[in-house]
Amino acid sequence: YPVSGCTMSSTAKQKKSSTWSLPPLTSTGYLFIKNFWVQAAVLVAVAVGFYANTVSNKYALDDDIVMRQNTYVQKGFGGIGEILTNDAYKSFYQSLGVEQQLAGGRYRPLSIVSFAIEQSIFGECYGERFEVVRDKVLQLQKKAGLTAAEQKELNDAIAERMELDKKITETTLELAPIRHIFQIVWYALLLVVLLVFLRECVFRTNTEIAFLAVLLFGMHPIHTEVVANVKSRDEIFSLLFITLTFISFFRYS
């Protein structure tokens with residue numbers, strides 16, 4: 001311990017630790033919209049306003065493969081385990097009786113799980129029975145020299161498959177507006193999360209720039225296909241969770 005009138009040696013001196021802190025969230029005052037919740041409400045209104053017209057849309061592009069022709073989705077809650085443990089297009093290829101056609105496959109289960117949940121809550125689930133009938137038809141069609149009884153069994157199975165396919169088509173079409181509504185909801189949530197990221201991690205000293213950046217992002221027409229095409233929910237989820245990862249890493253760091 002130092003004695004009055006004596007000086008500490010350089011080896012005894014301890015360096016004072018400094019704590020680094022983030023700059024405060026501030027605004028330059030260019031806009032009247034500064035509060036986070038007001039900014040978030042504006043972004044949600046933009047998402048709804050720009051894409052409300054998609055609610056009356058049906059399906060497009062890969063929607064049919066991922067939903068109507070996916071027996072895992074048509075099973076509802078019962079198909080979630082298979083969605084999580086199989087390629088995204090496995091069920092579709094099985095219905096065609098062919099092997100994997102895409103090199104490396106496609107594994108993006110979260111959006112497909114959300115479709116299965118919607119199927120259970122808002123629609124009808126015919127996937128279990130359709131899978132049984134489909135496999136029976138494929139098995140009998142591959143068999144050579146069918147007996148009269150087997151031929152009748154095949155014809156009955158084909159007729160039942162066609163009836164089930166009709167019911168699946170009807171219930172899938174009935175779900176189209178609901179799925180488009182959820183598409184807008186997820187997009188609006190993405191905009192709010194992007195706002196949190198830019199305000200907290202990038203533009204802390206000018207939160208209005210963060211708001212304007214997300215506002216431009218939300219209105220930009222380049223995102224139209226992603227929101228209007230239900231299958232592209234995986235794109236929304238991708239950016240949503242990437243952004244949440246950035247926020248989490250920034251807070252940890």
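This is a predicted model: local features need pLDDT of at least 70, side-chain atom pairs count only at pLDDT 80 or more; totals for chains, interfaces and linings use all residues.
Phe36 and Trp37 form an aromatic pair that is edge-to-face, at 5.0 Å centre to centre and with 75° between the planes.

**Aromatic rings**

- Tyr51 and Tyr187 also form an edge-to-face pair, for which the distance is 5.4 Å centre to centre and the angle between the planes is 80°.
- Because Tyr51 lies in helix H1 (residues 36–51) and Tyr187 in helix H9 (residues 176–202), this pair ties together parts that are 136 residues apart in sequence.
- Both of these residues, Tyr51 and Tyr187, are buried.
- Trp186, Phe237 and Phe241 are linked by ring pairs into a cluster.

**Largest pocket**

- The largest pocket has a volume of about 180 Å³, and its lining is made up of 13 residues, of which Arg68, Gln69, Ser95, Phe130 and Asp165 lie nearest its centre.
- Two or more residues of this lining are given by each of helix H3 (71–74), helix H5 (90–96), helix H7 (127–142) and helix H8 (148–174), and the largest share, four residues, comes from H8.
- Sorted by class, the lining of the largest pocket has four nonpolar, five polar and four charged residues.

Definitions and conventions
Residues are numbered from 1 along each chain as its sequence is written. Side-chain values use heavy atoms; hydrogens and water are left out. On a 1 Å grid over the protein atoms alone, a cavity is a set of points where a 1.4 Å probe fits but cannot get out, and a pocket is an open set with protein on both sides within 12 Å along at least five of seven lines; lining residues have an atom within 4 Å of a point. Grid points are joined across faces, edges and corners, and a volume is the space filled by probe spheres set on the points. Ala, Val, Leu, Ile, Met, Phe, Trp, Tyr, Cys and Pro count as nonpolar, Asp, Glu, Lys and Arg as charged, and the others, Gly among them, as polar. Rings of Phe, Tyr and Trp (its six-membered ring) pair if their centres lie within 6.5 Å; planes under 30 degrees apart count as stacked, over 60 as edge-to-face and the rest as tilted. Buried means under 20% relative accessible area, exposed over 50%, partly exposed in between (1.4 Å probe, protein chains only).
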